[in-house]
Amino acid sequence: MKYLALTLLFFSMTLAGTGQEEVTLVAKGNQVPEFTFETAPGKTAAISDFRGKVVLITFFATWCGPCRQELPHTDKEIYGQHPAGGDLVLLTFGREHDWSVVDKFRKEQNLNMPLFPDPERKIFSKFATQNIPRNFLIDRQGKIIYASTGFSLEEFAVLRKEITKALKQQ
């Protein structure tokens, strides 16, 4: 009986130990995957349209607790410091959400930054298979220079420093 219990414990620890690298499909140093998305209902853009800018791609869900913690910080400390039209582009995608859900959530949470839908995980599936929130920082040449999963204030501070560093580089 002890042997069975130890075997089950080892097996569950092995499954729980699945690393982020196993569910993340891109890595620092890779080119950002090509994708298009709706900027407004019926209007589209491609990630390649933002070459020459620093791009922060964030994936969230309205039901995700860590996402709900992170988004107000992103709105105030990143979007609030780098509004639309500057050298930083913020693309925040609601995984498995449509326009009505992301618009309602943005209003309820008093967020100023735009939120975009990814209702069928078409964009998310180019980056990962699971786990949110996720951030990918893309340099002016379209290369991934930083990636994070989950939320902590310490990791968010690192993200902000990486954004500052990337904006200084031409």
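Predicted model: local features only at pLDDT ≥ 70, side-chain atom pairs only at ≥ 80, totals over all residues.
The largest pocket has a volume of about 150 Å³. Its lining comprises 15 residues. Closest to the pocket centre are Ala84, Leu88, Val89, Leu90 and Pro114. Two elements each give two or more residues to this lining: strand S1 (36-40) and strand S4 (88-95). The largest share comes from S4, which supplies four residues. By residue class, the lining of the largest pocket holds eleven nonpolar and four polar residues.

A search of the whole structure returned one disulfide. This link joins Cys64 and Cys67. A disulfide is a covalent bond between the sulfur atoms of two cysteines. In the model, the sulfur atoms of Cys64 and Cys67 lie 2.4 Å apart. The cut-off for assigning a disulfide is 2.5 Å, so the pair qualifies. The angle about the S-S bond is 75 degrees, and the link of Cys64 and Cys67 is right-handed. Both Cys64 and Cys67 are buried.

Strands S6 and S7 form a hairpin. Strand S6 spans residues 134-138, and strand S7 spans residues 144-149. The two strands run antiparallel and are joined by five bridges. One of the paired positions is Arg134, whose bridge partner in S7 is Thr149. Five residues lie between the strands of the hairpin. Within this hairpin, Gly142 adopts a positive phi near 90 degrees.

Methods. Residues numbered from 1 in each chain as written. Heavy atoms only, no water. 1 Å grid on protein atoms, 1.4 Å probe; cavity = no way out; pocket = protein on both sides within 12 Å on 5 of 7 lines; lining within 4 Å. Points joined across faces, edges and corners; volume = space filled by probe spheres on them. Nonpolar A, V, L, I, M, F, W, Y, C, P; charged D, E, K, R; others polar. Buried < 20%, exposed > 50% of the residue type's maximum accessible area, 1.4 Å probe, protein only. Pairing = 2+ DSSP bridges.
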